[in-house]
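Welcome! Please take a moment to look over the sequence and the model below, and then we can walk through them together.

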Amino acid sequence: MAALLVASAGKHFRDPAFYRDVVPGYLCRRDPEPGTDQGGPAHPLAVLSRDEWIAVSGLLELAAAVGILLPPTRKLTATALTAMFAAFLAGHVDALVRAYSPAGTPLRRKIHTARLPLQAPLILWAWSLRKSALPKRAPGSRP
């Protein structure tokens with residue numbers, strides 16, 4: 001999981017366009033066009049731009065890759081990672097709905113039809129990592 005997270009985090013910065021479709025529009029701040037005063041959030045959760053959300057999620061994945069490897073933080077990180085992957089479902093559903101809209105393309109339909117079901121194994125895998133990284137010893141036993 002840590003290797004997957006590091007690879008994904010790197011892709012967030014090397015190829016942010018890969019993630020653009022899965023950031024729901026309602027999360028994205030509308031920055032003013034140059035020379036205008038119009039912009040601002042359209043939704044209370046619209047606090048970052050699309051690219052900022054992509055960068056933040058890449059940083060979170062990088063932090064999770066480290067946290068999952070450290071025994072003291074593994075359970076907390078795995079729980080947070082499970083929640084993050086579950087939250088990402090909203091973006092994947094939104095992208096799939098848009099792919100099947102009149103503006104969608106056959107390629108986007110294929111991509112998002114394949115991406116959405118991949119979230120379930122990621123969620124289950126992250127949840128399974130909540131178990132301790134170190135074997136438990138019986139009280140009074142020697143290491």
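**Starting from one residue**

Ile 123 counts as buried because its relative accessibility is 17%, where buried means under 20% relative accessible area, exposed over 50% and partly exposed in between, with a 1.4 Å probe and protein chains only. You can find Ile 123 in helix α5. Leaving aside residues up to four places away in sequence, Ile 123 touches Thr 82, Phe 85, Ala 86 and Leu 89; contact here means heavy atoms within 4.5 Å. Ile 123 and Ala 87 are 36 residues apart in sequence, and their C-alpha atoms lie 10.0 Å apart in space.

A word on what you are looking at: this is a predicted model, in which local features need pLDDT of at least 70 and side-chain atom pairs count only at pLDDT 80 or more, while totals for chains, interfaces and linings use all residues. Residues are numbered from 1 along each chain as its sequence is written, and side-chain values use heavy atoms, with hydrogens and water left out.

Now step back to the whole chain. It has five helices and zero strands, so named from DSSP runs (H or I of at least four residues for helices, E of at least two for strands) and numbered from the N terminus. Read from the N terminus on, the elements run α-α-α-α-α. Of the 143 residues in the chain, 30% are buried. Among contacts with a separation of 6 or more, 60% join residues 24 or more positions apart. The chain exposes about 9200 Å², and carbon and sulfur atoms supply 68% of that area, by the Shrake-Rupley method with a 1.4 Å probe, where for residues only the protein chains shown count as cover.

How do the helices pack? Two packed helices are described by the angle between their axes and the distance between the axes. The axes are lines fitted to C-alpha atoms, for helices over the stretch in contact, and angles run from 0 to 180 degrees between N-to-C directions.

Begin with α4 (residues 74-99) and α5 (residues 106-128), whose axes come within 9 Å and cross at roughly 165 degrees. By class, the contact of α4 with α5 has 15 nonpolar, five polar and three charged residues. Here Ala, Val, Leu, Ile, Met, Phe, Trp, Tyr, Cys and Pro count as nonpolar, Asp, Glu, Lys and Arg as charged, and the others, Gly among them, as polar.

Next, follow α4 to its contact with α3 (residues 50-69). Their axes come within 9 Å and cross at roughly 150 degrees, which makes α3 roughly antiparallel to α4. Residues including Ser 57, Leu 60 and Ala 64 in α3 meet residues including Ala 78, Leu 81 and Phe 88 in α4. This contact of α3 with α4 divides into seven nonpolar, three polar and two charged residues.

Finally, α3 also meets α1 (residues 2-14): the axes come within 8 Å and cross at roughly 160 degrees. That makes α1 roughly antiparallel to α3. Leu 5 and Phe 13 are among the α1 residues in the contact, and Ile 54 and Leu 62 are among those of α3. The contact of α1 with α3 has 13 nonpolar, four polar and one charged residues.

Definitions and conventions. Angles under 35 degrees count as roughly parallel, over 145 as roughly antiparallel, 65 to 115 as roughly perpendicular and the rest as oblique.
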